[in-house]
Amino acid sequence: MIRPRTPAVRSAAVAGHAPPCYIPPTCATDLGRVRMGITGMARRRQLYEGKAKVLFEGPEPGTLVQYFKDDASAGNGAKKGIITGKGVLNNRISEYLMMRLTEIGVPTHFMRRLNMREQLIREVEIIPLEIVVRNIAAGSLSTRLGIPEGTRLPRSIIEYYYKNDALNDPMVAEEHITAFGWASTQDMDDIVSLTLRVNDFLTGLFLGVGISLVDFKLEFGRLWEEDDMRVVLADEISPDNCRLWDTKTNEKMDKDRFRRDMGRVEEAYQEVARRLGILPEAGNNDMKGPEAMQ
Ligand SMILES: Nc1ncnc2c1ncn2[C@@H]1O[C@H](COP(=O)(O)OP(=O)(O)O)[C@@H](O)[C@H]1O
Ligand SMILES: [Mg+2]
């Protein structure tokens, strides 16, 4: 839903408990500038390096380049490692899923894939929440509530986590979200309805290729167009932030293989891409990243 810029909405975005901004204010003024190196290759200014991706300024104002790394982390960075080729696969998988979601009218930040590891996205004001949808019990839901992993839930459950590494992404209620101004009630209405559509669509899409969508995490952002604002899907959708189980064997095909030292992590990600029919044709040998300008 497109909403006009109103004082209430705007103030929610810049409230005192504002999210940790991914772009330091000094860099934000430089957005949109691209310098060309001697080879003609774009040398982009790096704006943020996260656990799995790097954000560079994009070619146009309001755009960013999202670079997918092979770095893997679990437990909010407590466990770290490399999954060779993961970045290439996640770039491709996320592109595919975001494009399919666009086709059914879910607004996303995705514009186009640039190369094996990078995609062009619209810059949004990230809402500092991790929206988790669960269809089958697993992970923290099982440990916290004692529900055996694999139990089909009576209905899909949405949980909210405050996206804040220093606090270990604590679980929060809608009360906290609106009281502290992380999102308005209108934002939350949009987030919930979009999340349910994404869940229904992706559940069917994965089921079609023999995969159960157990749970997943989404991030949303505010996209400003003149004075109008829309809540759009941002970040990525990949086996890094989905639990995907083979429907017949319940074999895990996601980051739990890394979290739980199960081995064959890259193979699992590749199998997801293969089943979706999108394995990168040239293989996973494009390991070179862009040159970051310091
Ligand atoms: N369209 C977007 N505009 C601005 N920021 C974004 C957008 N999509 C994703 N992000 C942010 O970029 C970062 C992606 O890198 P990631 O490695 O996932 O970081 P983190 O370690 O913070 O999760 C995240 O912090 C995410 O919120
Ligand atoms: Mg992330």
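Two strands are said to pair if DSSP finds at least two bridges between them, and the strands themselves (E, at least two residues), like the helices (H or I, at least four), are DSSP runs numbered from the N terminus. This is a predicted model, in which local features need pLDDT of at least 70 and side-chain atom pairs count only at pLDDT 80 or more, while totals for chains, interfaces and linings use all residues. Residues are numbered from 1 along each chain as its sequence is written, and chains are lettered from A and ligands numbered from 1 in the order in which they are written.

An open sheet is formed by 5 strands in the order S4-S5-S6-S10-S9, with antiparallel pairing. Its edge strands, each of which pairs on one side only, are S4 (46–49) and S9 (110–113). Within this sheet, S5 and S6 (residues 63–68) pair in the antiparallel sense over 5 bridges, and valine 54 stands opposite tyrosine 67 in S6.

Helix H3 (residues 86–103) lies across S6, S9 and S10, and runs at about 130 degrees to S9; axes here are lines fitted to C-alpha atoms, for helices over the stretch in contact, with angles from 0 to 180 degrees between N-to-C directions, and contact requires C-beta atoms, placed from the backbone, within 7 Å.

Ligand 1 is surrounded by 17 residues, of which the closest are Gly50, Lys51, Lys53, His109 and Ala234; a residue is near a molecule if its C-beta atom, placed from the backbone, lies within 6 Å of it. Because domain 1 (20–124) and domain 2 (126–265) both give residues to this shell, ligand 1 lies between them, the domain bounds coming from an automatic or database domain assignment.

Conventions. Two residues are in contact if their C-beta atoms, placed from the backbone, lie within 7 Å.
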